[in-house]
Structure formats: structure tokens, C-alpha cells
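Here is a short report on one structure. Look over the sequence and the fold before reading on.

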Amino acid sequence: MRTFVRLLCIAAILSTPLPCLALPAEEDSSHDLHLNDPKPTTVLVRVVAHGSMVLGKEVGGARVTITDVASGQILASGLQQGDAGDQNQIMRTPRLMEEAHYSTRPSAAFTATLDLVRPILVDIAAEGPLAFPAATQRVTTRTWLIPGHDLTSDGIVLTLYGYIVQIEHPKAGGAGLIAKDDVMLRASVRTLSGALVRPHGDWDSRRVHIYGELLIGARVVERLQLFYSGDKAGFEAPFFVPLPKDAPDGITLRVVAADPSSGNFGIGEAKFPVLSERLPPKSPR
């Protein structure tokens, strides 16, 4: 009898419906509200010269712009300023692919913090060196930015190709060149980060074709082979100034630096009026 009563009690307990443990829909969704909040996301951009250092204050730095591809809205813009970086670390220290290249020591960079709600496709553009307009180059890359995922260390590296080529002598804007004068053309060649190009250095001029051209109008009348002079002026070659009747509108001097193996090319140009040749002083009677 007792066994029968016990079985009835167990059956009654099992037949009683249990309370539902599921949470109401409102409570369920409350855990997800923070997923739609803006998340501060740091984006670091570093503009460098191809095969060289970072564009820093020595060359005027670089201008960086981050633009939303879908809307065309500029999300951030500013200047990269700072140091060119540690030459030994950047140019001579071997490293693995995933290791930082430019940020092992302080170097110039542009940093922006964006409040992102969703992944966004952006164009990141850079132009520089700003202190040398004739040598300024521009590059753009397109990438995704993800909320809460910071881009730090080397960040987004944008590489500019080219050389800064400057005619040091004769100086443009002077009185002009005298016909038949023997003039020394001197030019300096640097990477876009400002590093001097010279023989046997990290930026070896022996791999670079460096030459001058003398133009009358659009026509090249003479090509000049430039040689390293051993000082900061860089490279030089002599030339004769033509007669005014041959160059009524003056002449143009052009210096070319070309390294097809690296893809770096640069040009410097200056125009000069040509003046009548000097007459010998009259001897006194």
C-alpha cells in the first residue's frame, strides 16, 4: 500500500507543469544595445619615401586625408610631422614580415581617432614632401576600417616614389647668364625623405642615372654628364651659354635623376635669360 501511495505522489509531481525559464524578449535584447554604440577607433598613417625614410619635418612632412568612399565625406585630415626615423633601424636591420619597420624608434606619423558604428570603406591619401612643391607626389589606398580595431604600430604605410632634385647653381631668378660664359651646373639629389643620394651610401648614386640637359624652347640642344663633386652640392658639369640670337627667350636647365630598378624618378628645372656677352674694357688712350 505504501509503495502504491509513493508512486501516486511521484506521478503527481511529474505531471505538474514546470515554470518557463525563458527570458522575455525585452530582457534578451538589452544585452545587445552596446553593440550599436560608436567605438573610438585609432588610425595611424605613415608616409614614407620608397626605399628610404619617413617624410618628416626636414622636408615639410606630408598631408594626409581620410575620406568615406560611400559619402565622399572627409573624416580626418592633417599633417604628418616629426622625425625621419632611425636610419640604422630602417635601412640596415633585418626583420620578419610581421615586425614593425618604421615605428621601432620615434618617426613622423599622422594619427586620427574616429567614432565608428559600422565597418566603413575609406580612401586614405597622402601628398608630400610639402616643402618641395616641384617634387611633391601623391598616393591613395583604399581599405576597410572596423569599429574598435585600432591600426597602430606601423599603421597604414603609404609609399611615395621620386627624388628631390634641385639646381643649386646657377641660381634661378638672378640677372641672367652671360653669352659664351663657361658656367658650372651644380645639382643636389635627395630621396623624398631628404636623404642625400651619393656614391657608396645607403642611397647609392652609382645605381641612378643623373644627367643634365640644356634646352632652347622645347628642344634639347646638349646633354651634360653630371659627376659627384664630393660635397653637399652633389653633382656638377660645365656648359657654355649660347648666344642671345640662338636663345632669344633664354634657356632652360633640366637635371634628371632616374633609377628604373626602384621606380624612383625626379626632375629639377630652372629658366634663365641670356644676356649679351661681356665686352673687354676699352684700353685708355
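## Strands and cores

Strand β1 (residues 39–49) pairs with β7 in the parallel sense, over six bridges. Strands here are DSSP runs (E, at least two residues), numbered from the N terminus. Two strands pair if DSSP finds at least two bridges between them. The model is predicted: local features need pLDDT of at least 70, side-chain atom pairs count only at pLDDT 80 or more, and totals for chains, interfaces and linings use all residues. Residues are numbered from 1 along each chain as its sequence is written, and side-chain values use heavy atoms, without hydrogens and water.

Val 48 has Thr 159 in β7 as its bridge partner. The open sheet has three strands in the order β4-β1-β7, with mixed pairing. β4 and β7 stand at the edges with a single partner strand each, so one side of each has no neighbour in the sheet.

A hairpin is formed by β2 and β3, with five residues between them. Gly 72 in its turn has a positive phi of about 80°. The two strands pair in the antiparallel sense over six bridges. Arg 63 stands opposite Leu 79 in β3.

| Strand | Residues |
|---|---|
| β2 | residues 62–68 |
| β3 | residues 74–80 |
| β4 | residues 110–116 |
| β7 | residues 151–160 |

The largest nonpolar core has 36 residues. Such a core is a set of buried (under 20% relative accessible area, 1.4 Å probe, protein chains only) Ala, Val, Leu, Ile, Met, Phe, Trp, Tyr and Cys residues joined through side-chain atoms within 4.5 Å. Leu 185 and Phe 239 are among the residues that touch the most other members. Apart from this core lies another, of 26 residues, including Val 47 and Leu 116.

Technical notes:
Helix = DSSP H or I, 4+ residues; strand = E, 2+ residues; numbered from the N terminus. Buried < 20%, exposed > 50% of the residue type's maximum accessible area, 1.4 Å probe, protein only.
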